[in-house]
2 protein chains.
Amino acid sequence: MTMLPLHGLTVLEFSQYLSGPSAGLRLADLGAKVIKIERPVSGDACRHLAIGDQWVDESSLLFHTINRNKQSFAADLKDKKDLALVKKLIQNSDVMTHNFRPGVMEKIGLEYESVKKLNPKMIYAEITGYGKEGPWKNKPGQDLLIQSLSGLTFTTGNGNSDPVPMGLAVADMICGAQLVQGILAALVKSQNTGEGAHIEVSLMESILDFQFEFLTTWFASGCLPHRSHISNAHSLLGAPYGIYQTADGYIALAMMPIHKLRAAINCESLAEYFEEEIFSKRDEIKKIIASFLVKNTTEHWLEKLIGLDLWAMPVMNWDELTKHEGYRALDMEQLVDTDGGQAITTTRCPIRIDENILKSKIGAPKLGQHNQQILGELKEKIHY
Amino acid sequence: MTMLPLHGLTVLEFSQYLSGPSAGLRLADLGAKVIKIERPVSGDACRHLAIGDQWVDESSLLFHTINRNKQSFAADLKDKKDLALVKKLIQNSDVMTHNFRPGVMEKIGLEYESVKKLNPKMIYAEITGYGKEGPWKNKPGQDLLIQSLSGLTFTTGNGNSDPVPMGLAVADMICGAQLVQGILAALVKSQNTGEGAHIEVSLMESILDFQFEFLTTWFASGCLPHRSHISNAHSLLGAPYGIYQTADGYIALAMMPIHKLRAAINCESLAEYFEEEIFSKRDEIKKIIASFLVKNTTEHWLEKLIGLDLWAMPVMNWDELTKHEGYRALDMEQLVDTDGGQAITTTRCPIRIDENILKSKIGAPKLGQHNQQILGELKEKIHY
């Protein structure tokens, strides 16, 4: 590959925390120059938010993870001189992102209408919690709250359990990916027309789209999800779909004809069930499977199932995963350098281009690390 | 908005089921003409895969949901004449996607190297389960199996529960979104250089990237996730983060200082805990909160919490959600017409462009519905 696909494009990231910055990270992976515009002294609030109490240099490991391969420009948007500089940057950039609550950018004078006057070609991309209208517009756009409002928590976990949130920031991640899609589509168009665009995505609309299969089924049927009471994995699929305990771990069984499963594992109690009953008698069938599989090892069952081309895999934790040859063959890890001299290991961009894996050694910036460099480049560009 | 951003681009979708077709759906939402290349008689296998036993016309509701706003061209890739036509289509398209197992396109002669000769500008995008090397390369690339192998199932659910898969096809959805990002980035470049590109994404690499926060923490700490035993929502966050039962439903509490929570709900038992202990004494604190919140209604607690600007929301199911004014304000639903004359309700694209919501009334195609039209357009274009 001669050049990364977004090489030459400049993105100003006013976004904080995860949703917006995860979009910036992907744009950086794909070759864009991503400049974080951060308030002096404290910077992106994510610098101070650690998970698992992990820190690197002065910022959280979380911040380093999300913001590798970016530059930092410290500017106080409430200061006239700083704001004037930021406006010059805006005039010399292609994309900007923010995830402030509705009203914040308006107050500063950097809402889309004003920015469009500064730079008519700007792709202006913003993330909100719930859009800009309706009773939720000023509510906190936070991942767990969005999951909880959206119905998503009734799809995961077993039928007898309380609502179960997904154990990571799924709304943030999905929303960031939507923002990238909107930005890149707008860039494809603007290269032809010279027109900018205003892209808006919200956490809530993203998590609703994420459930599009389920919601369409709900619109048609009016049936709320019935999670199976044993080994639930998808409330609209029949047995054996799910995860089962074995004598030494767990095994995952995807869709497979019940009589083939019976033959593979030699479980005669399954003989009385027909394929037409795998949904209506799901719990009953799963109970039989669960009590049968627990008697032998994962390896034992896998051999029998895979021998008949049935879709089964072991259930692994990160320790087992990262030691596995299958994982190693993917070459998913990369080392990035931090300013303090410490290298950290993180994952790489999952997209391959022209048989190339995309890696970069550049770590997350120190707050304001690139002010001089960016101002120098700006001076050269506009001779001010 | 004058024109959708991908207007004028043609995408050939050889993909089946969810991951690849969800990418095609987003490209169609954004204005591309997406043509499904389907085998005669049976078509995309997803036509025959129903969830919740829901059907529309001759195909599953699931197929209709994923493939609205697309065209269908029926062609037998093993038939010389059909293959020649498909090659002509390839010469007149901008993007193609497939999610066949490694080796299938090679056998047909439509792997990237051959396609590149037919059309050097083609953006050739493919999805695999696990990439094309290593011991997993020929394993079934199925959502639940990928979740199970990737460590993801140990992040969701409470500490005492078995591994818990997410209750929808998260690997498929995330991977589809990665593919769109790769395709659009390649289009941005190819408009400048005239060069095509080979984009590859796998379900496994996508679900590893999805866990990038967690995996980076794991690389640094070597600590496997400790899900809290009560109300787990994120294994690396402290109390009260989670969902709690109330007298009449459930309430979600995001991050908030423990002393503010105490003051808001007037729970004196929380007085003995310090902010520094919200992680180490998480289960203990959550137990107190759980036994306290169950004594009154969701509405009661929300009033007290929101009064102090604390991040809390009710937990809703789809019935409650879709009746809520906040949901209605988002205008997330759209009606699409099916060939049989029946209109179905589904969700719309979550991306807004220039203040416009993107909707289309065009439903999923009948198998081969557009063969004549597409051949006619091709004849006009190439005068063959």
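Two residues are taken to be in contact if their C-beta atoms, placed from the backbone, lie within 7 Å. With that in hand, the fold of chain A in this predicted model can be described through its contacts: among those with a separation of 6 or more, 69% join residues 24 or more positions apart. Buried residues account for 55% of the 384 residues of chain A. Its secondary structure amounts to 15 helices and 15 strands, and the C-alpha trace spans about 85 × 45 × 40 Å along its principal axes.

Chain A is divided into two parts, with domain 1 covering 10-210 + 333-382 and domain 2 covering 242-323. Taken over C-alpha atoms, the centres of domain 1 and domain 2 of chain A are separated by 42 Å.

The relation between the two chains comes next. Chain B is superposed on chain A by a rotation of 180° with 0.0 Å of shift along the axis, at an RMSD of 0.0 Å. The two copies are therefore related as by a two-fold rotation axis. The same surface serves both copies, as 100% of the contact residues of chain B recur in chain A. In this interface, 109 residues of chain B are in contact with 109 residues of chain A. On the side of chain B that touches chain A, helix H7 (residues 170-193) of chain B gives the most, with 13 residues. The residues on that side of chain B divide into 62 nonpolar, 33 polar and 14 charged.

Strand pairing also links the chains. Strand E14 (residues 352-353) of chain A pairs with strand E8 (residues 197-202) of chain B in the antiparallel sense, over two bridges. A:Ile353 has B:Ile199 in E8(B) as its bridge partner. A helix of chain B, H8 (residues 203-210), is largely enclosed by the rest of the structure, because eight of its eight residues are buried. The buried residues of H8(B) include B:Glu205 and B:Asp209, along with B:Leu203, B:Ile207 and B:Phe210.

Turning to a sheet of chain A, three strands form an open sheet in the order E9-E10-E11, with antiparallel pairing. Strand E9 (242-245) and strand E11 (312-314) of chain A stand at the edges with a single partner strand each, so one side of each is left without a neighbour in the sheet. On average, and ignoring direction, neighbouring strands of this sheet are turned by 25° against each other. Four bridges hold the antiparallel pairing of E9(A) with strand E10 (residues 250-253) of chain A, and in this pairing A:Gly242 stands opposite A:Leu253 in E10(A). Two helices pack on the sheet. Helix H11 (residues 282-293) of chain A touches E9 and E10 of chain A, and its direction makes about 40° with that of E9(A). Helix H12 (residues 298-307) of chain A touches E10 and E11 of chain A, its direction making about 155° with that of E11(A).

In chain B, strand E12 (residues 333-337) and strand E13 (residues 343-347) pair in the antiparallel sense over five bridges. B:Asp337 has B:Ala343 in E13(B) as its bridge partner. The hairpin of E12(B) and E13(B) has five residues between the strands, and B:Gly341 there takes a positive phi near 95°.

Some backbone details in the loops deserve a look. Most residues other than glycine have a negative phi, and most peptide bonds are trans. Against that background, A:Tyr17 has a positive phi of about 60° although it is not a glycine. A:Tyr17 is found in the loop between strand E1 (10-13) and helix H1 (19-29) of chain A, and counts as buried because 21 C-beta neighbours lie inside 10 Å. B:Asp331, likewise not a glycine, has a positive phi of about 55°. B:Asp331 lies in the loop between helix H14 (325-328) and E12 of chain B, and counts as partly exposed with 14 C-beta neighbours inside 10 Å.

The peptide bond from A:Ala239 to A:Pro240 is cis, with omega near 5°, and A:Pro240 lies in the loop between helix H9 (212-221) and E9 of chain A. In chain B, the peptide bond from B:Ala239 to B:Pro240 is cis, with omega near 5°.

How values were computed: Residues numbered from 1 in each chain as written. Chains lettered and ligands numbered in written order. Predicted model: local features only at pLDDT ≥ 70, side-chain atom pairs only at ≥ 80, totals over all residues. Buried ≥ 20, exposed ≤ 12 C-beta atoms within 10 Å, placed from the backbone. Least-squares fit on C-alpha atoms with pLDDT ≥ 70 in both. Nonpolar A, V, L, I, M, F, W, Y, C, P; charged D, E, K, R; others polar. Pairing = 2+ DSSP bridges. Axes fitted to C-alpha atoms, helices over the stretch in contact; angles between N-to-C directions. Domains from an automatic or database assignment.
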